[in-house]
Amino acid sequence: MSDDIRILLRTTTRSREGYDVPVPNKTIYVSEGDLTLFQRAQELAGGNLSAAIAGALKRYVDVEEGLREGFDDVVVRVGVGSGRKVRFTGVLVGEWMDARSKRADHYRVWRGRKGKYVLHVERQEDWWTVDSEGKPVEGWRSWMGVGDVRYGSVPKESTLDVVDSVEDLRDKVPADLYEMVARSARQPTVEELDI
């Protein structure tokens, strides 16, 4: 244990007497190799290492309990282009791809642990070429840029909506996907067999 560093965490609570009333203490032993990690966490938490540890443990417990209940730790991108990452715990209850146009739409719906639904829609990038009259240009001329040709493009884009119920999805997703999710919602999570 000579290579370990001991960090004593003392939390305080507010009472009628003030802030520094006796509260339970927890001692965490941190190996020397992990000390820089704890120091960085404290910096990122504005000096409050206890808040950083509590936040990390809350996330850990949420994910682990969800995994044991059959949920997944889901990470999706939201926004224009590469966007930002969004993470939540859920189970996929429906997926739909609409590729009728050059810009395909990919719908996915998850049910969260608290019963809400998460809708993630990813729209693929799109590009086009038009002539001087605004008509689409097809074939090799569009690729080579021969003639009076203008180009345009839209990067891929993803959105995320959280709704309270299946009914709130009705106007946000294709009808076939809605039926798929609604059918899943009517099934019991656990079925008790009396055998």
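The model is a predicted one, in which local features need pLDDT of at least 70, side-chain atom pairs count only at pLDDT 80 or more, and totals for chains, interfaces and linings use all residues. Residues are numbered from 1 along each chain as its sequence is written, and side-chain values use heavy atoms, with hydrogens and water left out.

**The barrel**

Begin by selecting the strands E3, E4, E5, E6 and E9, which make a closed barrel of five strands in the order E3-E4-E5-E6-E9, with antiparallel pairing; from one strand to the next the twist averages 45°. Strands (E, at least two residues) and helices (H or I, at least four) are DSSP runs numbered from the N terminus, and two strands pair if DSSP finds at least two bridges between them.

Next, select E3 (residues 72–80) and E9 (residues 157–163), which pair in the antiparallel sense over two bridges; here Gly79 has Ser158 in E9 as its bridge partner. Then move to E3 and E4, which are joined by seven bridges in the antiparallel sense, with Val76 standing opposite Val86 in E4. These two strands form a hairpin with three residues between them, and in its turn Gly81 has a positive phi of about 65°.

Now select His120, which is found in strand E6 (residues 117–123). Is His120 buried or exposed? His120 is buried, with a relative accessible area of 1%, where buried means under 20%, exposed over 50% and partly exposed in between (1.4 Å probe, protein chains only). The side chain of His120 reaches the backbone oxygen of Arg77 at 2.8 Å. Among the residues that His120 touches are Val76, Tyr107, Trp110 and Leu160, contact meaning heavy atoms within 4.5 Å.

Finally, select helix H1 (residues 35–44) together with H2, whose axes come within 8 Å and cross at roughly 100°. H1 is therefore roughly perpendicular to H2, a label for angles of 65 to 115 degrees, while under 35 counts as roughly parallel, over 145 as roughly antiparallel and the rest as oblique. Axes are lines fitted to C-alpha atoms, for helices over the stretch in contact, and angles run from 0 to 180 degrees between N-to-C directions. Show Phe38, Ala41 and Gln42 of H1 with Leu49, Ala52 and Ile53 of H2, the residues that make the contact.

Terms used
Polar contact = N/O pair within 3.5 Å; in protein donor to acceptor, adjacent residues only side chain to side chain. Lists of a residue's contacts leave out its neighbours within four places in sequence.
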